[in-house]
Amino acid sequence: MVGGHLTGLRGDRAVVVQTPQAGVGAPTARDGGLYGLAREAGGMTDEGWFAGRDPDDEGALAAAVREGRADAPADWPARAVAAGFADDREAYYERLHAATVRATREDALERERAADQQLVHAVRAMDDCDRVANELAERVAEWAGSLLDVDVAGVDGARTVADHSPDTRAENRLVSLARRVEGLAGEADDLRTFVERRAPAVAPNLAAMAGPVLAARLISLAGGLEALAKQPSSTVQVLGAEDALFAHLRGQGSSPKHGVIFTHEYVRGTAPDERGSAARALAGKLTIAARVDHYSGELKPELQAELDERIERIRSRGEES
Amino acid sequence: MTPTLPEGVERRPLAGEEHLATRGPPVYGEPTDGTWRAWDPGRSKLGAMLDLGVETGLAGGDSVLYLGAAAGTTASHVADFAGPTYAVEFAPRPARDLVGVAADRGNLFPLLKDAREPATYAHVVEADLDAVVQDVATRGQARVAALNRRFLADDGRLVAAVKARSEDVTAEPGDVFEDVLAELEETYEVLATERLEPHHDDHLGVVARPR
């Protein structure tokens, strides 16, 4: 967790620079870019947080605490008194207290809110880009089959078509469409990189255990880290399998054993007979990880060790029978 | 051994046991007696150092920069006996709790900042402090101490809890401490070290003064 935010913010801007396509890239620019700019706007000074501020303008003072910078500390209390910002040291500390409490409360809230919601947007956008790219790639393949007499399936096929030099108007349109597919697939890759970098900062334990993309999907399906932390583990186990779950509740079919956590090696790599147990064990630990991430934010590597041990027991049980 | 506790920190019988204690509003459900509240060395590395009799140089009423304040458990006790206490924490979630702890302590100033970037709080934290208390669970703990040397008075004290697992989870803690101390010696003169077992595994308490 420590170290994640600042590098993460720089990362956002890097992603924006690489993919200037309008629309899809825009929300990312909003979250990282402006915050980064605000940080830089403080500039380097040798002035205290109170310099040139109205002692009664609490909002501006809190902003100065958040955004200001200085090369070196100084005897700020004495300087503030000399500048008439406060009558004496005691009065200075009172103002400092009010300003730092307000600044830190606002800053913490803003960054907490921002962090998990940005992750939710990013992972949803990633899935959207993947889905649409695949859909359009099918159209490209159909069209290319009729026009160029080639068999080009999937996004890789669309990339091949995108490199084709068009000779006719129809080919112009086809190649242009193929390039859009290529662009969308590239955007999905960039979004995945963003998610992989951001998830460990938002939910360090969950990301370590589930992998960053699955962690982001779980947060997204629950609607946020707090919402995920409040889910019972039986719900986490079937997040993403809502259709099957409600079909089961209507009396059609068996209850789903797993939702998106199926993508985790501990579920997918376990023998089918034991998958339900593995999914239940994994969901239990992921739920705890999400709670630790939301309520304390501390790293708990022992969670992973406990899960490893549990899965090993489940798998060896499967081999015996 | 007669360890010197800072003024405002006492060993007192609380809830049937002798505890380190400070005077202030309770924070985490600790046992209290009147205005005194227990300082649990198992939840606080500085508390463990004081409990183990380490000579920290803290006298009471000191001006302090606390790096790695987390939710403010230890920082609240420091603010109870110290003067102006600047508490830097990097993660937003614990910072929210820290704000709650600071709200009813007029001398505790919470800051959501990165201890590896002192320029982002040098416009708030005053110079010539009596002590820097450091408990950051990040790699490069010696570097953090060196970077924050600028806030200390020449006769000030660095009181640090070095966490071996933050530097390298696989290495022997003893080897890690040796490396960290060697790097620390470039900017500080180390006055005392103490392993913090049984309160905290694989932690080394360090007291040092600027060179």
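Mentor: Chain A has 15 helices and zero strands, where helices (H or I, at least four residues) and strands (E, at least two) are DSSP runs numbered from the N terminus. This is a predicted model, in which local features need pLDDT of at least 70 and side-chain atom pairs count only at pLDDT 80 or more, whereas totals for chains, interfaces and linings use all residues. Residues are numbered from 1 along each chain as its sequence is written, and chains are lettered from A and ligands numbered from 1 in the order in which they are written.

The part to examine is β7(B), residues 108-112. Five of its five residues are buried, that is, 20 or more other C-beta atoms, placed from the backbone, lie within 10 Å of the residue's own. In a regular strand the side chains alternate between the two faces of the sheet. Here Leu108(B), Pro110(B) and Leu112(B) are buried on one side, and Phe109(B) and Leu111(B) on the other.

Strand β6(B), residues 85-89, runs parallel to β7(B) and is joined to it by five bridges; pairing requires at least two DSSP bridges. Thr85(B) has Leu108(B) as its bridge partner. From β6(B) the chain passes through α3(B) to β7(B) in a right-handed β-α-β crossover, meaning that, with the strands pointing away from the viewer, the path from the first strand over the helix to the second runs clockwise.

The contact between the chains takes 31 residues from chain B and 31 residues from chain A, counting residues whose C-beta atoms, placed from the backbone, lie within 7 Å. Both α3(B) and β7(B) give two or more residues to the side of chain B that touches chain A, and α3(B) supplies the largest share, eight residues.

Key
Contact = placed C-beta atoms within 7 Å. Buried ≥ 20, exposed ≤ 12 C-beta atoms within 10 Å, placed from the backbone.
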